[in-house]
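Work through the exercises below with the sequence and the model at hand. Each task is followed by a solution in steps.

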Amino acid sequence: MSSSAIREREDDEELARSPKRAKVDQLVDDGPIVADTSPPMSAVIATGDSKENHTSAVAAESVLPPSHTLLGIAPTFSSNGLRQVLQTDVGISEYISRDVPPISGIIKQRFTDFLVFEVNQDHQVIHLKSLDMPESSSKKGKGTNEGSSSTTDAGASIAQPQEPVTSAASNTVEELSTSTEAKDKDDSTPADIPWNDQFTEKLAPYLSEASIDQLKTMFLEGREPPRVTDSGWGSRLIKTTEDSTETPDAAKPSEEVDALQSDDTAKRGKNRSGRGDRGGRGGRGRGRGGRQGGEREDHRKVLSEPICSKTDRTVLHQVVRELFGGKLDSETDMSTPAGDDGSRIVIKWSRHGGGRGGGRGSRGGRGDRSDRGNHPPYIHFTLQKTNRDTQDALGYLSRILHVNIKDLAVAGTKDKRGVTVQRVSLRRGNKTVEDIWKSANQFNRRSVQDILSQRGDRGVRIADFNYRKAGLELGMLKGNAFVITLRNVQVENVETLDRAMNSIKHKGFINYYGMQRFGTAAVPTHSIGLAILKSDWHKAVSLILQNRPGEHPEVVAARDAWLVDGDLDRALALMPRRVVAERCILESYKKQGGETRNAMGALSTIPRNLRLMYVHAYQSYVWNAIVSERIRIHGPDKAVPGDIVFESEPATKGENGENDGMEVDDDAGNDNEKQATTEEKGMSSRERKQAAKAAYVAPSIKILTEENAHQYSIFDVIMPLPGRDVDYPGGTLGERYREFLRLDGLDPDNFIRKQKEYTLNGSYRKILQVPKDLSWSILRYTDPDVPLAQADEDKLLGFDPPAVVDDGKFRALQINLTLGTAAYATMALREITKTETSSHFQTGLTQASEDQQFRGVVAGDVAELDDGDTEMEVSDMLDS
């Protein structure tokens, strides 16, 4: 296979992107922006007599927190007056090696220039190993499965084989460590809990007698809703003879059957009693598998009277979980706005819990269940994604696998622009590894040959399946390994390159929260977070719905439909589903009949991890700013009096990470950030309950003095993220923290909020980070479209590896390194390049780069170069 074929495939970036998705990092046709040389806002306004420019500039400046003035930098605007958020706007301004000249280069010019591989809890780097269809191991008794399970404390890391899965071309896939309790039950286990007086007694303080009766009826009916009479046909027993024919209302196939049409599936779907016998798997809701098949929609629910006390509402949630063991779910009723007398609680059958009656196989139906029902309840697999953020990729998988997105879980989020590899867990229901492989590869319309010779659809490929006893949770990883390629590298000489790389290797880099943390739009996420922390709900909603330059036209049209025309229906019709927060707010307004006064209620409909991302972004902004101040005042070389250190390193257990919502830097491990509790996605009711009960213990810290400062190094120094459970550093830095918070309208001594989820406990984060396994090399290239690193999928598909071009016109610096879960790779690159890392700036560099003139040019076809110019002399030195 030729290199040109590879170039043609990777050149079309749209192959890896949904046709409905915008290019996040494209500019507004106003060229690159220089980070630190932009004129102050007054100069921008003065250069244009347009009143329109002045208005947009002032409006854009107001988006930033008031404390932005303490950063001592002027806001940056593009040539047309649009606000551009740069590193300095979020407190990123200092370097460790200011004495080392910059090595200019372009970050993430191509997707394969940024390869990310998850490192699991056993310190194993995750790679794709086999694309072949897996096969479940031979059938085992239930006792065998239980015997192979593990009993570990939460947070323990023990790799263990669980129901190995084989493939024709590879050995058993690599195991991922998990933490769980042995008593975590398989979904296939029926649970018959009779209703007794204890149920009524515990529910009576919170539910009326009528609601309790209604709840009892719903519970005793079972998870499968009762059949609606259809002249006697709807409730008749299903015949099990071979001659049974499908009635018209039973002929609708389940989504799973649609996705997995094959001879094997068709054979299994016939002549088996207890599987519904009407249309195979799922049937009329009587087949084993429940919700994964063609089950009827369940509209049953029990609604409490308004409960004004939040404590009572919390206790009611706990009582429901305890009494029904996760079979019933309870949640706040968001269909109507809360009144003065409080909110209502909705109770309904869980989508995950075990059921009574027909939900589990119509009691004593098919006896042969070992191939599906006796495997552990989770399937783990490896995901490679290209140019898709993690949540977007999981959403795509949920659609093609026909599963609820809440059943998918990951250990950490990964970058969008790049090729990333990580493990994913799926609460499988009745699906097998073969089913998942077929659905993911669209086996019903693609041949095996196509699957094993072509890239996965929409930039997504999954492989290496195995059954596991428990799912993944955020933080269940040790870090990430990177292969990063900087293109069109310009450097003075080889000594400068070595100095820069050795500085990173030995001195590390400032552990800033990267630009991914604050979003790529003109409205940064930390500004929204500040509005939420100040309980300014209407401002938070306004910032989320505000127009942003450079968005996809369909998003712009949707925003204008609401903001300009006030047409809620048209705005919802136009707003893409990938724009999650905006859709949630608009849908909330729709449910309230167009009423917009309940802004807090509208915000609460946004997924919890996304809402928390906003407030954590504000914490990160303050942290960045204070750390920059610390480096400016005291330097990056040693600990000084007033610095904070841990008295003893905090244990890994309980160091829950938060979801960045954007990129690879998971913030799960060393940050010890309890305030972002384990993400609810992928957790069972029991796991959520256990996480809620886990008591947070603030780490023990000390503030250094003249007497003991010499006993610690700069790598021991930590800095707090603002919250109620932290101590601020001594001296001017502690006062600076308070100045930032007060100027933004916050009380530095009170982070308790009426809305408990916005109460910030605070945490600590080391101010410097040192990469592991750091190595680098110089590569040559001419055509910028030729990949210089290869993704796992391409290796397995047999594509030609990147070719070494000895006479290439341009240089690339390829860096291999491993970082912990709390570190941002882009901040390591920033230390090397001394360059702005925001996506719009890097895109501008790419567009202006000299190598773009040589797209499609083979090195040997380049016109004779001037060997005497300085650039080529330096190149020869670097290559020698």
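**Exercise 1.** Locate asparagine 387 and decide whether the residue is buried or exposed.

Solution. In this predicted model, asparagine 387 sits in the loop that links β8 (378–386) to α10 (390–401). Next, take the relative accessibility, which is 1%. Buried means under 20%, so asparagine 387 counts as buried. Finally, look at the backbone: phi of asparagine 387 is near 55°, a positive value in a residue other than glycine. Most residues other than glycine have a negative phi.

**Exercise 2.** Describe how α15 meets helix α18 (residues 580–591).

Solution. Start with the axes, which come within 9 Å and cross at roughly 120°. That angle makes α15 oblique to α18. The crossing of the two helices is left-handed. Then list the residues that meet: Val541, Ile544 and Leu545 from α15, and Ala581, Glu582, Ile585 and Tyr589 from α18.

**Exercise 3.** Which residues of the largest nonpolar core touch the most other members?

Solution. The core has 108 residues, and Ile585, Ile767 and Ile815 touch the most other members. Helix α20 (residues 608–634) supplies the largest share of this core, 14 residues. Apart from this core lies another of 23 residues, including Tyr396, Leu401, Val424 and Ile462. Now take isoleucine 767 and set aside its neighbours within four places in sequence: its contacts include Phe509, Trp623, Val627, Ile631, Ile714 and Met719. Asn511 and Arg630 are also among the contacts of isoleucine 767. In soluble globular proteins, nonpolar side chains tend to be buried together.

**Exercise 4.** Which strands pair with strand β20, and in what sense?

Solution. Strand β12 (residues 479–490) pairs with β20 in the antiparallel sense over nine bridges. Strand β19 (residues 772–781) also runs antiparallel to β20, joined by eight bridges. Threonine 818 in β20 stands opposite alanine 481, and threonine 818 is also the bridge partner of lysine 772.

Note on methods:
Residues numbered from 1 in each chain as written. Predicted model: local features only at pLDDT ≥ 70, side-chain atom pairs only at ≥ 80, totals over all residues. Heavy atoms only, no water. Pairing = 2+ DSSP bridges. Helix = DSSP H or I, 4+ residues; strand = E, 2+ residues; numbered from the N terminus. Buried < 20%, exposed > 50% of the residue type's maximum accessible area, 1.4 Å probe, protein only. Core = buried A, V, L, I, M, F, W, Y, C linked by side-chain atoms within 4.5 Å. Contact = heavy atoms within 4.5 Å. Axes fitted to C-alpha atoms, helices over the stretch in contact; angles between N-to-C directions. Parallel < 35°, antiparallel > 145°, perpendicular 65-115°, else oblique. Left-handed = near helix turned anticlockwise from the far one by under 90°.
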